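Please look over the structure shown below before reading the notes that come after it. The notes are arranged by topic, so that each can be checked against the coordinates in turn.

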Amino acid sequence: MQSGGFSLQQLIDQVSKEKGIDPRVLTETMEQAILTAAKRTFGMNRELEARYNPDTGNVDLFQYMTVVDDVGDEERQLSVEDARRHGLEAEIGEELGFQVFYLPEDTDKARQQDKEFGDLLKMQQHRRGFGRIAAQTAKQVIIQRMREAERELVFNEFKDRRGELITGIVRRFERGSNIIVDLGRTEAILPAREQTPRESYRPGDRIVALLKDIDREARGPQIILSRTDVGLLVKLFEMEVPEIYEGIVKIVAAAREPGARSKIAVTSRDSDVDPVGACVGMKGSRVQAVVQELRGEKIDIVPWDRDPARFVCNAIAPAEVSRVIIDEGATQMELVVPDAKLSLAIGRRGQNVRLASQLTGWKLDIISDTRFRQIEDQAMTALSMIGSVDENVAKALYRAGFRSIDEILEASDQEIASIEGVGSERRAAQIKADALAASEGYRKRLVDEAIDRAEPLSEREMLLLVGGISERVADALERGGYKSAADVQRETDVDRLAIKTGLGNQRAREIKDAVARFVEEDLERIRRAQRERAAARLLGPAEGEGGEQEGSLEG
């Protein structure tokens with residue numbers, strides 16, 4: 001396996017040096033490859049062994065045969081008589097090894113071997129082409145092993161660098177908009193999904209990205225980069241702000257809409273170091289460096305606060321918040337802002353509130369002062385409809401978060417008893433009983449209005465006429481696939497209704513019963529009224545036209 005004076009040993013040494021592959025790995029792989037090729041050529045049954053010879057720089061091939069009394073396998077055994085006839089001194093059970101001369105430079109040795117042991121070994125015909133096959137196999141094995149070793153080296157080098165910043169040069173574009181980045185010793189890929197909108201690159205451009213992942217099984221580049229990951233924002237600040245690198249200032253949370261706007265929440269463990277000021281830098285130099293790297297992406301730096309309400313107020317900045325209503329159970333906050341600041345708080349297409357929600361981990365609902373007062377008036381009016389609730393208790397219920405009669409009905413006696421002014425569970429039970437009566441009275445008025453209404457009701461409006469179904473419950477039913485009273489009526493499995501809507505078994509059963517009562521008592525009355533009005537509309541114009549015709553006839 002020498003070509004132009006360039007031996008296999010030299011090739012192994014060069015590949016080992018350039019690619020950092022252990023020479024033993026290459027020689028072992030070569031031996032295995034030659035052995036596999038030899039078995040395919042000379043026969044799978046033969047006892048063959050391939051062994052690298054460092055003196056010659058070649059892989060030597062040997063065939064072993066066992067001396068037996070009675071030959072049963074001619075490819076692996078020979079008799080004592082045959083051995084002695086060929087001048088071999090051997091005893092029964094002894095194993096004899098014959099080197100297989102397959103290389104072109106060993107042609108004379110192969111010819112001599114065929115002359116002496118040709119009838120024993122029976123491999124003259126097969127050996128003719130094996131030298132070429134062996135050379136090709138060796139070449140393929142080395143190339144394949146080089147590729148595998150390179151990929152292994154890349155994987156080992158980068159596997160612990162996930163989340164780090166990587167700098168490279170844009171080399172080319174593949175499969176649409178995927179960017180291949182030259183990292184020096186290897187290449188990485190910046191998939192289209194990981195590219196920031198509105199950013200464009202040309203071959204030769206410098207690029208900074210986050211090492212998002214490394215895929216060992218990928219057919220192309222294994223290293224996957226990202227320009228959209230929020231980690232890129234954090235790492236850029238770590239690079240620009242020494243106080244973050246030193247651990248004095250910490251980025252507690254970050255939220256990002258790549259290419260548009262980002263928010264980071266920072267805190268400091270040193271009271272003398274302003275975390276926001278440290279990130280902004282002298283005349284904004286530090287934050288501007290990050291903005292420049294992110295191609296003009298706006299960045300809000302807000303102070304983190306242990307108090308969730310204050311943190312949310314900081315996160316929604318620059319909008320001012322006049323009131324915060326917290327629902328810890330649902331991790332939800334209602335932020336009341338001045339009317340003039342409503343659009344600022346929400347941001348373009350809801351961007352500001354969306355980022356603030358991601359940053360804080362709270363669901364945020366922003367309403368104006370005017371809308372808040374409307375909601376307050378509506379809630380106080382609704383709560384005042386409960387007979388046993390006076391103004392003070394109504395205000396206490398409102399402060400506790402109750403906005404409607406339905407919410408009173410859904411609460412437990414213990415929960416209502418804990419409200420200021422209620423005092424006992426007995427009083428709470430009375431309030432719930434009065435709330436049920438008020439709710440039913442209100443519902444009947446709505447049914448009467450629906451009967452007198454000229455326009456037909458939508459399915460959702462019809463659903464809201466069912467006792468115990470509020471807007472929230474109607475939303476839950478719609479999410480579960482129950483968009484009308486008929487859908488709920490058709491459902492025969494209460495457990496399935498409870499699971500799909502998330503309302504619980506008892507509540508689902510109550511709704512099922514309420515829908516049944518509504519269908520039996522009210523739905524037919526509403527539909528009958530709608531049919532009568534529709535018939536009247538059809539008959540009305542015809543009678544008018546008839547009168548005019550009669551008048552004209554009389555004329």
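This is a predicted model: local features need pLDDT of at least 70, side-chain atom pairs count only at pLDDT 80 or more; totals for chains, interfaces and linings use all residues.

A search of the whole structure finds one cavity of 30 Å³ or more, and the largest cavity holds about 30 Å³ of space.

**The cavity and its lining**

- The lining of the largest cavity is made up of Val 59, Asp 60 and Leu 61, together with Gln 99, Val 100, Phe 101, Tyr 102, Leu 103 and Asp 106.
- Strand 2 (58–68) and strand 4 (95–100) each contribute at least two residues to this lining, and the largest share, three residues, comes from strand 2.
- Sorted by class, the lining of the largest cavity comprises six nonpolar residues, one polar residue and two charged residues.

**Helix 6**

- Helix 6 spans residues 230–240, and its buried residues are Gly 231, Leu 232, Leu 233, Val 234, Leu 236 and Phe 237.
- The N-terminal end of helix 6 is capped by Asp 229, which places a side-chain oxygen 2.7 Å from the backbone nitrogen of Gly 231; Gly 231 is itself among the buried residues of the helix.

**Strand pairing around strand 8**

- Strand 8 (residues 206–214) pairs with strand 5 (residues 165–174) in the antiparallel sense, over five bridges, and within this pairing Ile 166 stands opposite Ala 209 of strand 8.
- Strand 8 is also joined to strand 9 (residues 223–226) by four bridges, and these two strands likewise run antiparallel.
- In strand 9, Ile 224 is the bridge partner of Asp 213.

**Aromatic pairs**

- The count of aromatic pairs in the model comes to two.
- One of them joins Trp 304 and Phe 311, whose ring centres are 6.5 Å apart and whose planes meet at 65°, so the pair is classed as edge-to-face, given that angles over 60 degrees fall in that class.
- Trp 304 has a relative accessibility of 29% and therefore counts as partly exposed, whereas Phe 311 is buried, with a relative accessible area of 7%.

Definitions and conventions
Residues are numbered from 1 along each chain as its sequence is written. Side-chain values use heavy atoms; hydrogens and water are left out. On a 1 Å grid over the protein atoms alone, a cavity is a set of points where a 1.4 Å probe fits but cannot get out, and a pocket is an open set with protein on both sides within 12 Å along at least five of seven lines; lining residues have an atom within 4 Å of a point. Grid points are joined across faces, edges and corners, and a volume is the space filled by probe spheres set on the points. Ala, Val, Leu, Ile, Met, Phe, Trp, Tyr, Cys and Pro count as nonpolar, Asp, Glu, Lys and Arg as charged, and the others, Gly among them, as polar. Buried means under 20% relative accessible area, exposed over 50%, partly exposed in between (1.4 Å probe, protein chains only). A polar contact is a pair of N or O atoms within 3.5 Å; within protein, one must be able to donate a hydrogen and the other to accept it, and residues adjacent in sequence count only if both atoms are side-chain atoms. Two strands pair if DSSP finds at least two bridges between them. Rings of Phe, Tyr and Trp (its six-membered ring) pair if their centres lie within 6.5 Å; planes under 30 degrees apart count as stacked, over 60 as edge-to-face and the rest as tilted.
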